[in-house]
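Look over the sequence and the model first.

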Amino acid sequence: QVQLQESGPGLVKPSQTLSLICTVSSGSVIRDYYYWNWIRQPPGKALEWMGAITKSGNTYYSPSLESRTSISRDTSKNEFILQLRAVTPEDTGVYYCAGANGNFDFRSWGQGTQVTVSS
């Protein structure tokens with residue numbers, strides 16, 4: 001079964017860039033799952049899809065975050081990476097990576113990583 005694990009800093013200062021890595025094991029970012037996604041959940045709020053990179057390397061972003069978000073991948077490390085620029089305290093929350101098939105049926109999730117934006 002494909003496993004995903006998020007990693008990155010737990011604390012980021014306002015205006016900085018948040019970078020998170022999702023490491024995939026027992027699977028491949030160029031073979032398993034069509035979409036490799038980043039999803040977040042602010043405290044007390046619903047899950048929010050941020051964007052995805054496909055197994056062929058195409059990227060898709062939420063319109064509300066597109067201007068600040070980049071998703072890339074390192075196939076040699078079997079990882080995909082989230083960068084969120086110009087963060088504010090409203091970007092605080094738990095960030096998840098997840099694999100989904102072609103109709104966005106999310107099949108595998110990482111355990112999530114807490115990110116706090118604070119000076």
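Buried means under 20% relative accessible area, exposed means over 50%, and partly exposed lies in between (1.4 Å probe, protein chains only). The model is predicted: local features need pLDDT of at least 70, side-chain atom pairs count only at pLDDT 80 or more, and totals for chains, interfaces and linings use all residues. Residues are numbered from 1 along each chain as its sequence is written, and side-chain values use heavy atoms, with hydrogens and water left out.

**Disulfide**

- The structure holds one disulfide (a pair of cysteine sulfur atoms within 2.5 Å).
- C22 and C97 are the partners, with an S to S distance of 2.1 Å.
- C22 sits in strand β3 (residues 18–25) and C97 in strand β9 (residues 93–100), so the bond ties together parts 75 residues apart in sequence. Strands (E, at least two residues) are DSSP runs, numbered from the N terminus.
- The S-S torsion of C22 and C97 is about 65 degrees, so this disulfide is right-handed.
- Both C22 and C97 are buried.

**Aromatic pairs**

- The whole structure contains 10 aromatic pairs. Rings of Phe, Tyr and Trp (its six-membered ring) pair if their centres lie within 6.5 Å; planes under 30 degrees apart are stacked, over 60 edge-to-face, and the rest tilted.
- Y34 and Y35 have ring centres 4.7 Å apart and planes at 75 degrees, so they pair edge-to-face.
- Y35 is buried at 12% relative accessible area, whereas Y34 is partly exposed at 34%.
- F106 and W109 form a tilted pair, 5.6 Å centre to centre with 45 degrees between the planes.
- F106 is partly exposed at 29%, and W109 is partly exposed at 37%.

**Aromatic cluster**

- One aromatic cluster is formed by Y34, Y35, W49, Y60, Y96, F104, F106 and W109.

How values were computed
Helices (H or I, at least four residues) and strands (E, at least two) are DSSP runs, numbered from the N terminus.
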